[in-house]
Amino acid sequence: MSESAAGTFDLHCHPSPDISPRSQTDEEVAQGCLRSGQRGFVIKSHVTPTADRAMSVRTLHPEVEVLGSITLNRPVGGLNAAAVEVAARCRARMVWMPTLDSRAQRADQRLPPGYAAPVWSGVHQEMAAKPGYGPPVGILDGDRLCAEAHHVLDVVGEFDLAIGTGHLDAQEVSVLLAELRRRRIQRVMVTHPDLPRQGIGIEEQKEFARQGALIERCLSVVQGGKVSEQVTRERIRACGASRTVVTTDLGQPGGDLISDGMAIWRRMLASWSFPDDDIVAMTSTTPFHLVSP
């Protein structure tokens with residue numbers, strides 16, 4: 001099992017088309033799934049809803065579970081409840097809170113020494129500098145969720161969608177999770193909290209897991225040197241395999257192919273001596289249940 005992607009499900013990957021180059025198209029990822037036995041994947045884009053793309057791939061390859069999502073950055077209107085409802089009615093299953101337009105991402109574009117800029121960074125900075133693009137997308141009004149965020153959560157609850165916290169910082173995630181608990185919305189994943197820019201420490205990660213959120217570990221974050229394998233292993237154990245999902249977040253040109261990422265994860269987890277049952281849960285069962293209709 002540890003050598004195979006059979007049955008895995010990738011919640012977070014970035015195929016093309018996109019505003020920046022990507023390593024594979026939607027179709028190529030699906031073909032890779034057919035070869036490896038991977039169950040499926042969620043198409044994520046920082047700038048466009050992807051339910052239509054997912055439907056096109058499912059039509060060609062009905063054996064692969066390909067699902068769409070929407071990310072609440074400026075190109076879809078930010079915290080736009082109408083756009084979320086349209087995406088849901090087109091069978092998208094996941095809503096990502098702001099990523100490249102979050103306040104944490106837009107606050108400081110400088111990179112720590114040795115860090116490569118995201119593939120989308122240049123074109124996004126060019127777009128964001130134009131007068132019509134708009135400011136960062138904040139989700140708070142003081143220390144509470146803003147009205148627009150509440151409208152988005154109304155739609156998330158109505159359509160039983162999953163929600164990822166995007167590039168929100170620790171304060172924003174904490175306030176969001178509190179409101180999701182109040183609304184009894186349980187399909188929630190804290191998105192790559194190991195990224196330094198988000199400022200979410202391990203104690204906060206453990207608390208979010210204790211509150212019922214799933215904690216995401218991304219292959220791209222490990223491969224990009226933003227967190228070590230040792231720290232990743234320790235944090236999975238600290239938060240618990242039952243509260244962990246592993247994803248690829250791949251699509252970067254020149255890196256591993258998206259369709260190879262889940263097999264890489266399984267080999268890595270096996271090398272860290274996680275039991276097979278935990279590996280299946282983190283790579284297959286838990287991620288698919290988060291988004292399954």
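Biologist: Why does Arg-210 count as exposed?

Modeller: Arg-210 has 61% relative accessibility. Exposed means over 50% relative accessible area, buried means under 20%, and partly exposed is in between, with a 1.4 Å probe and protein chains only. The value of 61% is therefore in the exposed class. This is a predicted model, in which local features need pLDDT of at least 70 and side-chain atom pairs count only at pLDDT 80 or more, while totals for chains, interfaces and linings use all residues. Residues are numbered from 1 along each chain as its sequence is written, and side-chain values use heavy atoms, with hydrogens and water left out.

Biologist: What makes the contact between Glu-207 and Arg-210 a salt bridge?

Modeller: A salt bridge is a side-chain nitrogen of Lys or Arg within 4 Å of a carboxyl oxygen of Asp or Glu. For Glu-207 and Arg-210 the N to O distance is 2.5 Å, so the pair meets the rule. Both residues lie in helix H8 (residues 202-210), 3 residues apart, about one turn of the helix. Helices (H or I, at least four residues) and strands (E, at least two) are DSSP runs, numbered from the N terminus.

Biologist: Why is Glu-207 called partly exposed?

Modeller: Its relative accessible area is 30%, and the class takes values between the buried and exposed limits. By the salt-bridge rule, the count comes to 14. Asp-154, Glu-179, Arg-182 and Arg-183 are linked in a network of such bridges.

Biologist: Why is Arg-106 called buried?

Modeller: Arg-106, found in helix H4 (residues 103-107), has a relative accessible area of 18%. That value is under the buried limit, so the word applies. Contact means heavy atoms within 4.5 Å. Leaving out residues up to four places away in sequence, Arg-106 touches several residues, including His-124, Tyr-133 and Pro-136. Arg-106 and Pro-136 are 30 residues apart in sequence, yet 6.3 Å apart in space, C-alpha to C-alpha.

Biologist: How do you know that Asp-101 and Arg-106 form a salt bridge?

Modeller: Their side chains meet at 2.8 Å, N to O, so the pair passes the salt-bridge cut-off. Both residues are buried. Side chains of opposite charge can pair when their charged atoms come close.

Biologist: What separates the accessibility classes of Asp-169 and Arg-103?

Modeller: Asp-169 is buried, with a relative accessible area of 15%, whereas Arg-103 is partly exposed at 31%. Their side chains meet in a salt bridge of 2.7 Å, N to O. This pair links distant parts of the chain, with Asp-169 in the loop between strand E7 (162-164) and helix H7 (170-183), and Arg-103 in helix H4, 66 residues apart.

Biologist: What makes a crossover right-handed?

Modeller: With the strands pointing away from the viewer, the path from the first strand over the helix to the second runs clockwise. Strand E2, helix H2 (residues 51-60) and E3 also make a right-handed β-α-β unit. E2 (residues 40-43) is joined to E3 by 3 bridges, and the two run parallel. The bridge partner of Phe-41 in E3 is Val-66.

Terms used: Pairing = 2+ DSSP bridges.
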